[in-house]
Amino acid sequence: QVQLVESGGGLVQAGVSLRLSCVASGSTFSRYGMGWFRQAPGKEREFVAAIGSFGGSIYYVDSVKGRFTISRDNAKNTVYLQMNSLKPEDTAVYYCAAKWGPGIQRGADYWGQGTQVTVSS
């Protein structure tokens, strides 16, 4: 069982940056692929970014490429999402996710409770 706790969301103006953090429980964090998803009001949850178990195999949805950066610190059981040049369309609840093995873009084994990011224009 893996528990995920996100933090770092907030209300910001367009153009600024935020960094989301997700701390995972357990001693096998380094073996999990990690990812971030988001769900905007009235929309389905969508994949945002993923990172492989030891930092390789990084993927992004096209809409955030060049603005968002996913990273992980296995010593701290933490995955990060650095979000730069935020836009109003980035407004959503952001969820941290973990998956044993590849393919987290298609779904995860574990989910965090979510953290709200609101970007005003």
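Predicted model: local features only at pLDDT ≥ 70, side-chain atom pairs only at ≥ 80, totals over all residues.

Reply: Residues are numbered from 1 along each chain as its sequence is written, and side-chain values use heavy atoms, with hydrogens and water left out.

Me: How many disulfides does the rule give?

Reply: A disulfide is a pair of cysteine sulfur atoms within 2.5 Å. The count here is one: Cys 22 and Cys 96, with sulfur atoms 2.1 Å apart. Cys 22 belongs to strand β3 (residues 18–24) and Cys 96 to strand β9 (residues 92–100), so the pair, 74 residues apart, links distant parts of the chain. Strands are DSSP runs (E, at least two residues), numbered from the N terminus.

Me: Why is the disulfide of Cys 22 and Cys 96 called left-handed?

Reply: The torsion about the S-S bond is about -80°, and therefore the disulfide is left-handed.

Me: Is Ser 21 buried or exposed?

Reply: Buried means under 20% relative accessible area, exposed over 50%, and partly exposed in between (1.4 Å probe, protein chains only). Ser 21, in strand β3, counts as buried at 15%. Cys 22 is also buried, at 0%, and Cys 96 is buried at 0%.

Me: Which residues does Ser 21 touch?

Reply: Contact means heavy atoms within 4.5 Å. Leaving out residues up to four places away in sequence, Ser 21 touches residues including Val 5, Trp 36 and Tyr 80.

Me: Where is Ser 63?

Reply: Ser 63 sits in the loop between β6 (59–60) and β7 (68–73) and is partly exposed at 38%. The C-alpha atoms of Ser 63 and Ser 21 are separated by 20 Å.

Methods:
Helix = DSSP H or I, 4+ residues; strand = E, 2+ residues; numbered from the N terminus.
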